[in-house]
Amino acid sequence: MTERFDAVIVGLGSSGGIMAEQLSAAGMRVLGLEKGRDHTQADFEIKHDELRYYQRGAIVAGVSVDPVTWRPDPGSTARVLPWSAGVLGTDEPLYGLPSIGTGGGTLHWGAAAYRFREADFRMRSAILERFGEQALPDGTTLQDWPLSYQDLEPYYDRAEWEQGVSGAAGNVGGELRDGGNPFESPRSRDYPMPPVTPGPGDGPFVAATRRLGLHPFRQPLGINSREYRGRPACVNCGFCHGYPCHVRAKSTTQVTSVPAAKATGNFELRDMSRVLRVLRSADGRRATGVEYVDAHDVLHTVEADLVVLAAYSLENVRLLLVSGINEHGQVGKNFMTHNFGWFASVLPDATNPFMGTFNASSAIDDYTSEIVPDNDLGVLWGAPIISVTGDLQPIEAYHLMNPRVRKWGLEFKHWLRDNYTHLHRMYSQSTNFPSSRHYLDLDPAVKDRWGQPAIRITHEWEDHDANAVTLFGRYKARIAQEMGARETWMDPARPPYHLSTHDVGVHRMGEDPTSSVTDRFGSVHGCAGLYALGGGGFVSYGGYNPNLTIQALTYWSADHILDTAGTRPKDLAAV
Amino acid sequence: MRPLFFLNPDEARIIDAIASHVIPSEPGSPGAREAGVVHYIDDTLAGFGRDLQGAYRSGLEALQAAVAPYGARTFADLDEERQRGILEAAEASPDVPDAFLGQFFAIVCEHVVQGFFGDPAYGGNVDEIGWRLVGYPGAQWGFSADQMRPGVDARSIPILTVADLYARVGTSA
Ligand SMILES: Cc1cc2nc3c(=O)[nH]c(=O)nc-3n(C[C@H](O)[C@H](O)[C@H](O)COP(=O)(O)OP(=O)(O)OC[C@H]3O[C@@H](n4cnc5c(N)ncnc54)[C@H](O)[C@@H]3O)c2cc1C
């Protein structure tokens, strides 16, 4: 007899971990299927190894197991991620799919836990108000979100307190607070923890931006600055972004929601279990379960009233498409990703860039979102400028090196000897407008070892992307000059990568099924009992890291699911 | 000589010669050769990077072809100036399809850097030569708020390796 559960969750990463906790705590019988390992803390006790995690990508799937292909336009043949699949050993394993196993992308994440701003939810309207319709790039499919910042605020708050975020509030209920970000949208209360110890390189950035009349603030981070809910404070090891945490100070659902779900007694987790397909009723109008293979490639079927796809935006799309769920041809459309615009400097004083986490540092929001300064480059939407001070080990520093320096010989040896401990980085994630030219579909030629077609990305950086990098490069150059930088350089405005682990938009939320894939709660149009979670639901994409919004949306979906089913915990308590 | 797992002794001498051009040795400042980078590469090719065995073998052939006009037995037997000339020519043409030598040199450069700066447990970075060169204190369990203050000379922090961490937590096999 086929097994039956109330709900099955595909992927126990950021969104799936939270959904598992919410549903099982409300009394539903939940099965979690995760293609990676159910990691234990012993796996990560000694992870201070740049080759293992960063260069060799120990806990990313890798394109040999999970092939993804890319082409710049429909006229070209897609190839397995050329920037990540280096057959030459010169590959970048972290510019592919995120880390896998319980925790998913939050094992590796840099923990930048930004909220989006009010205007980010109505980007189209805000651009039309300021610049007019003709300013929008041709081919754009930009829309406003079917929900507002105000709708999501309580859920942002919940994500910050449940998952553990440190930071300094800048605007509590409309009241500005010193030391916080004066440009943030109003929040209902402060962060549960103050910021973590700053990296040594943050001082020059803060001083320089203040002198320039800007407003530096400490970044919100999903990292404990003090003991929080039984997890210890960060020890500043500097193996964080791209690494798992050895002391459980980094917020990942592997140490937050997944253990909480297990503790309810209602949750069963099967790891090394890869979902291949969503099953539906004969008329296709209702999800009935999933098909998956276990570690021994044995095929299983499970039935459930509720199927939740939380397998990352790209994999959610692949599962929808291979299952034939694409009624209005919208699945995979509107692919958006971040262009980081990396800018590096050599500073006069030591920055010891290997100390502390990547983002133990400040940022400025003076040029962000709808308040982007008037400019000659036609840039319509701004971004924060983020200072990065930690997590830079020597091999990564070699990759980051000033391209004007020859990368071998005495010149190279001396450059790294003299400059490594003085490096400082800045980045901005520029807005990537959704466009009819940017989409995912199934690759007609490349399959994985289970016979499933690879997902194929069609994407090229547009003029607006490149212009935003150029414009923000000017602002960064000004800050670097003010910091007294001895040397500066930056990434090309059209970088080689087209995946950033910040890949979103591909199962868009909306009211109209002919231009979106799910409703505003993640419920897939035309297929009852099927939800898709994660950044795939985003409608537009400004300059902020996606994960806190993914988590807030997950809490929001969970409340909706439980309200609809009449099993929300507070209802139970009232009985 | 340390045992080899993939390269033969001649090939190892050639890779070692290339490595010492990528990160040269100087009086008082050891380079890739002293760091044992060739053993990192050999070990990688026998294990994690075995997919690259073919690339190394064809790269070494391409290199041999570039050496032939000089009448030397192998690249390692050429004088340093000739060696450098061959590598500079290779670097200049990395994308020419039949000039595989350029691609091969790019791969070796990457691996030399990995062997020089990776944890010594991987066979290179002997005596933490790479880390000492750039002032990196290695596999630290964490840094204190004091150490995180601006202007701290990180060279004063004793270097630790992954093996040291295993010894500390007492889980070493
Ligand atoms: C190195 C790195 C740094 C990052 N830094 C930041 C940052 O600083 N701030 C930020 O906001 N975001 C950051 N991110 C991005 C963030 O981690 C992701 O946006 C987030 O994890 C996405 O959540 P998700 O739930 O959609 O997917 P994930 O968290 O990726 O979870 C998906 C899970 O599904 C599993 N899975 C996939 N396919 C299947 C299948 N077929 N069957 C079963 N299981 C499956 C995967 O193994 C994985 O565990 C970073 C990511 C990486 C990799």
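A salt bridge here is a side-chain nitrogen of Lys or Arg within 4 Å of a carboxyl oxygen of Asp or Glu. Please keep in mind as you browse these close-ups that the model is predicted.

**View 1. A:Glu184 and A:Arg187 meet in a salt bridge.** The closest N and O atoms of A:Glu184 and A:Arg187 are 3.2 Å apart. Both A:Glu184 and A:Arg187 are buried. Each of these two residues also touches A:Ala169, which brings us to the next view.

**View 2. A:Ala169 sits in a loop of chain A, between helix H6 (149-163) and strand S5 (171-172).** Is A:Ala169 buried or exposed? With a relative accessible area of 5%, A:Ala169 is buried, because the cut-off for that word is under 20%. Not counting residues up to four places away in sequence, A:Ala169 touches A:Arg177, A:Gly180, A:Glu184, A:Arg187, A:Asp190 and A:Tyr191. If you zoom out, A:Pro453 lies 284 residues from A:Ala169 along the chain, and their C-alpha atoms are separated by 45 Å.

View 3. A:Arg177 and A:Asp190 are 13 residues apart, and each lies in the loop between strand S6 (175-176) and helix H7 (202-211) of chain A. A:Arg177 has a relative accessible area of 38% and is therefore partly exposed. A:Asp190, at 28%, counts as partly exposed too.

**View 4. Six strands of chain A form an open sheet in the order S7-S13-S14-S15-S12-S18, with antiparallel pairing.** At the edges are strand S7 (217-218) and strand S18 (487-490), each pairing on one side only. Helix H12 (463-482) packs on the sheet and touches S12, strand S13 (362-364), S14, S15 and S18 of chain A. The direction of H12 makes about 15° with that of S12(A). Helix H11 (410-419) of chain A lies across S12, S15 and S18, and runs at about 105° to S18(A). Within the residue range of H11(A), the side chains of A:Arg417 and A:Asp418 meet in a salt bridge, 2.9 Å from N to O. A:Arg417 is partly exposed at 30% relative accessibility, and A:Asp418 is partly exposed at 40%.

**View 5. Strand S15 (423-427) of chain A is mostly covered, with five of its five residues buried.** In a regular strand the side chains alternate between the two faces of the sheet. Here A:Leu423, A:Arg425 and A:Tyr427 point one way from S15(A), while A:His424 and A:Met426 point the other way. Which strands pair with S15(A)? Strand S12 (343-346) is joined to S15(A) by four bridges and runs antiparallel to it, with A:Val346 as the bridge partner of A:Leu423. Strand S14 (385-388) pairs with S15(A) over three bridges, also in the antiparallel sense. In that pairing A:Ser387 stands opposite A:Met426, and A:Val388 has A:Arg425 as its bridge partner.

**View 6. Helix H9 (313-322) of chain A is mostly covered, with nine of its ten residues buried.** Among the buried residues are A:Glu315 and A:Arg318. These two belong to a network of salt bridges that also links A:Lys35, A:Asp66, A:Arg274 and A:Asp448. After H9(A) comes A:Gly324, with a positive phi near 75°.

**View 7. A:His459 lies in the loop between strand S17 (453-458) and H12 of chain A.** A:His459 is buried, with a relative accessible area of 0%. Which residues are in contact with A:His459, leaving aside its neighbours within four places in sequence? They are A:Trp70, A:Arg71, A:Pro72, A:Phe335, A:Thr337, A:Asn432, A:His438 and A:His498.

**View 8. Chain B and chain A meet with 56 residues from chain B and 43 residues from chain A.** About 4,200 Å² is buried between the two chains, and carbon and sulfur atoms give 66% of that area. Three salt bridges cross the interface, and B:Glu91 forms a salt bridge with A:Arg406, with the closest N and O atoms 2.8 Å apart. The count of residue pairs in polar contact between the chains is 18. On the side of chain B that touches chain A, H5(B) gives the most, with ten residues.

Note on methods: Residues numbered from 1 in each chain as written. Chains lettered and ligands numbered in written order. Predicted model: local features only at pLDDT ≥ 70, side-chain atom pairs only at ≥ 80, totals over all residues. Heavy atoms only, no water. Buried < 20%, exposed > 50% of the residue type's maximum accessible area, 1.4 Å probe, protein only. Helix = DSSP H or I, 4+ residues; strand = E, 2+ residues; numbered from the N terminus. Pairing = 2+ DSSP bridges. Contact = heavy atoms within 4.5 Å. Axes fitted to C-alpha atoms, helices over the stretch in contact; angles between N-to-C directions. Buried area = accessible area lost by both parts, 1.4 Å probe. Polar contact = N/O pair within 3.5 Å; in protein donor to acceptor, adjacent residues only side chain to side chain.
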